[in-house]
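Keep the sequence and the coordinates open beside the text.

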Amino acid sequence: MSGFIGRDIELKKLKKEILSEEMRMVLIYGRRRVGKSELVKQALSEINIKSIYYECKEVAEESNVQSICQIMEDTFGTPKLGYTAVEELLDYIFQVSEKKEMALVLDEYPYLRDNVKGLDSIIQALIDKYRKISKLTLIILGSYVEVMKSLLEHSNPLYGRVDCTLDLKQMDYYDSAKFYSSFSYEDKVRLYSVFGGIPYYNRLIDESKSVRENIIDLIASEGARLENEVTMYLSYEIKKIVNANEVFEALARGYSKYSDILSQSHVSSGPTLVDVLDKLIKMEVVEKKAPINDENNKKKAGYYICDNLSLFYYRYIFKYLSQMKIMDANVFYNKYINEDFEKSYVPKMFEEICKQYLILMNKKGKVDPVIEKIGKYYYDDPINKKNGEFDIVTQDEKGYVFYEVKFKNKMLSNAVIEKEIQQVMDTGLNCYKYVFFSSSGFMDEERDNIEHIDISELYSKVEIM
């Protein structure tokens with residue numbers, strides 16, 4: 001797969017900042033592999049402007065400075081620059097930008113920041129000094145999300161100096177599918193279920209191979225390209241990886257409540273678990289969800305893995321790592337992945353895709369009345385003496401809408417639909433409409449207050465925003 005895919009909104013915003021005739025500062029952050037660098041490079045490639053793109057390294061200040069000087073000499077044809085301090089070099093670059101529009105990109109900014117004392121203050125002083133006379137676009141990128149977010153806090157010297165902030169998230173299912181457009185709708189769901197919305201992972205997918213072959217080659221075999229990707233990413237951010245592994249294992253087995261995670265994992269204490277969960281949430285690999293009808297009830301909130309590759313890894317690979325290393329890859333896949341993947345894992349991930357579809361359509365103004373809340377709905381079932389959650393329910397000015405998602409090889413019949421609706425009504429949830437998603441179509445026609453959405457609509461109805 002070649003060429004730049006997706007990120008239309010972010011690309012448009014970034015180009016607008018770069019094309020501004022005034023000095024601008026742009027802050028871009030997001031987890032590793034999410035495509036921050038590629039976004040900036042694409043924006044610069046579409047604009048006729050001189051730029052210095054530098055990926056900061058974990059080396060001494062002078063080494064970083066010399067590397068930037070070399071790029072400056074090569075790009076602008078300047079005489080050899082002998083700077084050894086970042087402050088002097090940046091001041092020179094700001095001076096040059098008084099006469100010509102240019103961009104300075106500092107990728108992985110936290111590395112430079114760690115080795116230059118008071119770097120935030122240095123940049124703040126230069127911005128204040130040159131704000132009215134410079135034509136520079138300063139773009140700062142970083143994968144340490146916590147560090148990058150701290151630059152926006154009131155206590156940081158750069159507070160109020162950032163003109164544009166881009167918090168780059170994973171791509172949704174629709175844009176992700178553009179990386180593997182030749183696959184069937186069902187296989188697009190399967191691929192997204194494993195590789196999620198990370199461009200780096202999706203570029204590795206080989207469209208000449210089956211879904212199964214891609215999974216085996218990229219993650220489910222010894223020496224696979226992404227075999228160590230998840231643990232490497234975690235160790236990049238977390239010092240005590242053992243605790244993170246314990247939490248992920250519990251979450252991957254379906255435990256979502258805090259008390260259950262604590263009892264099922266071997267994390268030493270409650271405070272330690274709180275710290276681990278908080279860190280994983282900030283890393284955007286775990287999210288905390290509360291039911292839309294009881295959002296402030298902490299006991300009903302749950303924790304869920306929201307990074308697809310991490311979920312797949314801890315569900316199938318981490319658990320059976322020893323077996324994978326001594327078994328044929330196809331035998332391993334058949335024994336430990338295939339059945340659960342098709343019957344449980346993908347159908348559950350299809351729910352997330354359908355939820356994303358509803359949000360996309362809602363943002364485009366194609367849902368009437370507009371959805372105001374979407375998520376899980378907590379219920380008490382007095383008839384069957386149990387309680388639980390419905391996975392997708394929306395709320396709007398008319399009331400609640402219930403959604404049921406089916407990823408099966410057979411068409412959905414009215415009998416199944418009626419049974420689902422009756423189960424909802426038994427809980428006391430009063431809905432004015434019921435919507436059913438199906439991966440294999442429907443046997444019967446739509447009826448009053450019952451809507452059908454076929455899997456094809458999830459891809460054909462969503463146009464580029």
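**Backbone, cysteines and a strand pair**

N449 lies in the loop between β11 (431-438) and β12 (450-454). Helices (H or I, at least four residues) and strands (E, at least two) are DSSP runs, numbered from the N terminus. The model is predicted, so local features need pLDDT of at least 70 and side-chain atom pairs count only at pLDDT 80 or more, while totals for chains, interfaces and linings use all residues. Residues are numbered from 1 along each chain as its sequence is written, and side-chain values use heavy atoms, with hydrogens and water left out.

Stay with N449. Its phi is positive, about 60°, although N449 is not a glycine. How exposed is N449? It counts as partly exposed, because its relative accessibility is 39%. The cut-offs are these: buried means under 20% relative accessible area, exposed over 50%, and partly exposed in between (1.4 Å probe, protein chains only).

Now turn to R33. This residue sits in the loop between β1 (24-29) and α2 (36-45). R33 also has a positive phi, near 75°, and it is not a glycine. With 28% relative accessibility, R33 is partly exposed.

Another loop holds a cis peptide bond. The bond joins D368 and P369, with omega at about 0°. P369 belongs to the loop between α19 (338-363) and β8 (373-381).

Next come the cysteines. A disulfide is a covalent bond between the sulfur atoms of two cysteines. Here the criterion is a pair of cysteine sulfur atoms within 2.5 Å. How many disulfides does this rule give? The count is zero. C56 is in no disulfide: the nearest cysteine sulfur belongs to C69 and is 13 Å away. C56 is buried, because its relative accessibility is 3%. C354 is likewise in no disulfide; for this residue the nearest cysteine sulfur is that of C431, 17 Å away. C354 has a relative accessible area of 0%, so it counts as buried.

Finally, look at strand β5 (residues 164-167). Which residues form its covered face, and which its uncovered one? C164 and L166 make up the covered face of β5. T165 and D167 make up the uncovered face. Strand β5 also has a partner. Two strands pair if DSSP finds at least two bridges between them. Four bridges join β1 to β5, and the two strands run parallel.
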